[in-house]
Amino acid sequence: MSPTPSRPGGPTPVLRFRSVFISDVHLGFRGCSADYLLDFLHSIQTDNLYLVGDIIDLWSLKRAFFWPQEHNNVIRTILGKAKAGTRVIYIPGNHDSVFRDYAGMVFGNVEIHREIVHENVDGRRFLVLHGDEFDSVIKASPLLEALGNRAYAFILRLNRYVNFFRRRFGFPYWSIAAFLKHKVKNAVNYISNFERALADEAKRRNLDGVICGHIHRAEIADIGGITYCNDGDWVESCTVLTEDDQGRMALLRWTEQQQVVAHTEVVPLPIGQAA
């Protein structure tokens with residue numbers, strides 16, 4: 001039931017970016033959309049590639065080992081880009097927090113940092129971090145977090161079957177979890193509080209914006225004069241945050257169909273229309 005991106009009309013042109021931000025890939029978890037991510041990585045050239053946490057899901061691997069060839073291919077593709085001259089910065093999240101012990105070190109041309117400040121070509125400065133440090137649920141109740149993770153894992157398993165049948169009948173990819181996040185009041189409030197906390201932290205540090213992941217909710221928004229960017233994930237939304245050579249930021253969704261879903265300005269990318 002692993003999705004295979006369709007390629008009508010021949011090969012995809014290589015897209016050029018200055019910076020690309022991905023997070024919450026969750027390699028080692030059955031809900032990971034590694035095929036879509038591989039298709040994206042093979043379709044781009046970028047100077048900077050930021051891995052903004054939860055790239056490898058060590059929590060899931062501890063429960064049950066799952067590591068298909070596609071997950072190996074993601075790692076090999078990223079290391080290949082690092083070897084070829086792309087600057088690759090790895091900022092571990094809570095699911096791969098063991099790598100935080102190696103912050104400040106470089107392995108296979110991959111830099112490891114707890115957090116970093118990224119400067120856009122237009123001079124704007126963004127705090128880049130995973131974001132779990134601002135998750136009040138994790139800080140307050142590990143038990144609640146564990147129960148939430150089980151329910152979330154069930155929803156993602158269900159999502160695989162739903163999208164298998166949607167593809168069979170010609171419908172595009174659809175995320176159950178993302179739909180529920182928009183509809184459940186507590187989830188909406190939690191997301192809003194999380195976004196505000198990250199924006200406040202960027203403002204406290206006299207920065208122009210923040211780039212994070214963690215909550216699996218892709219977004220570009222102005223919050224009190226701070227540009228808040230969440231690059232989403234590769235288990236629900238299959239989204240990535242990009243910066244072009246003029247410093248414009250855009251969120252792309254990359255499944256059977258590719259589209260710009262949010263941007264700071266009009267972004268002329270040859271992959272569909274802005275939502």
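This is a predicted model: local features need pLDDT of at least 70, side-chain atom pairs count only at pLDDT 80 or more; totals for chains, interfaces and linings use all residues.
Residues are numbered from 1 along each chain as its sequence is written, and side-chain values use heavy atoms, with hydrogens and water left out.

Which residue does Glu 201 form a salt bridge with? The partner is Arg 204, and the closest N and O atoms are 2.7 Å apart (a salt bridge is a side-chain nitrogen of Lys or Arg within 4 Å of a carboxyl oxygen of Asp or Glu). Both residues sit in helix α7 (residues 185-204), 3 residues apart, which is about one turn of the helix. Helices are DSSP runs of H or I with at least four residues, strands are runs of E with at least two, and both are numbered from the N terminus. Salt bridges that share partners join Glu 115, Glu 201, Arg 204 and Arg 205 into one network.

The structure holds 11 salt bridges. One of them pairs Arg 16 with Asp 245, with 3.3 Å between the closest N and O atoms. This pair links distant parts of the chain, since Arg 16 is in strand β1 and Asp 245 is in the loop between β11 (239-243) and β12, 229 residues apart. Arg 16 is partly exposed, at 36% relative accessibility, and Asp 245 is partly exposed with a value of 36%.

Asp 244 forms a salt bridge with Arg 248, where the closest N and O atoms are 2.7 Å apart. Here Asp 244 and Arg 248 are both buried.

## Helix α3 and its buried face

Now look at helix α3 (residues 69-83). Its 15 residues reach 21 Å from the first C-alpha to the last, close to the 21 Å expected at 1.5 Å a residue (the expected span is 1.5 Å times one less than the number of residues). Its buried residues are His 71, Val 74, Thr 77, Ile 78, Lys 81 and Ala 82. Seen down the axis of α3, they fall within an arc of 140 degrees, so they line one face of the helix; the arc is that of the directions from the helix axis to the C-beta atoms.

What do these buried residues pack against? They pack against α1 (34-42), β2 (44-51), β3 (87-90) and β5 (110-112), where contact means heavy atoms within 4.5 Å. On the other side of α3, Arg 76 and Lys 83 are exposed.

## The nonpolar core

The largest nonpolar core has 35 residues, and those with the most contacts inside it include Val 20, Leu 37, Phe 40 and Trp 234. A nonpolar core is a set of buried Ala, Val, Leu, Ile, Met, Phe, Trp, Tyr and Cys residues joined through side-chain atoms within 4.5 Å. Helix α1 gives the largest share of this core, 6 residues.

Key. Buried means under 20% relative accessible area, exposed over 50%, partly exposed in between (1.4 Å probe, protein chains only).
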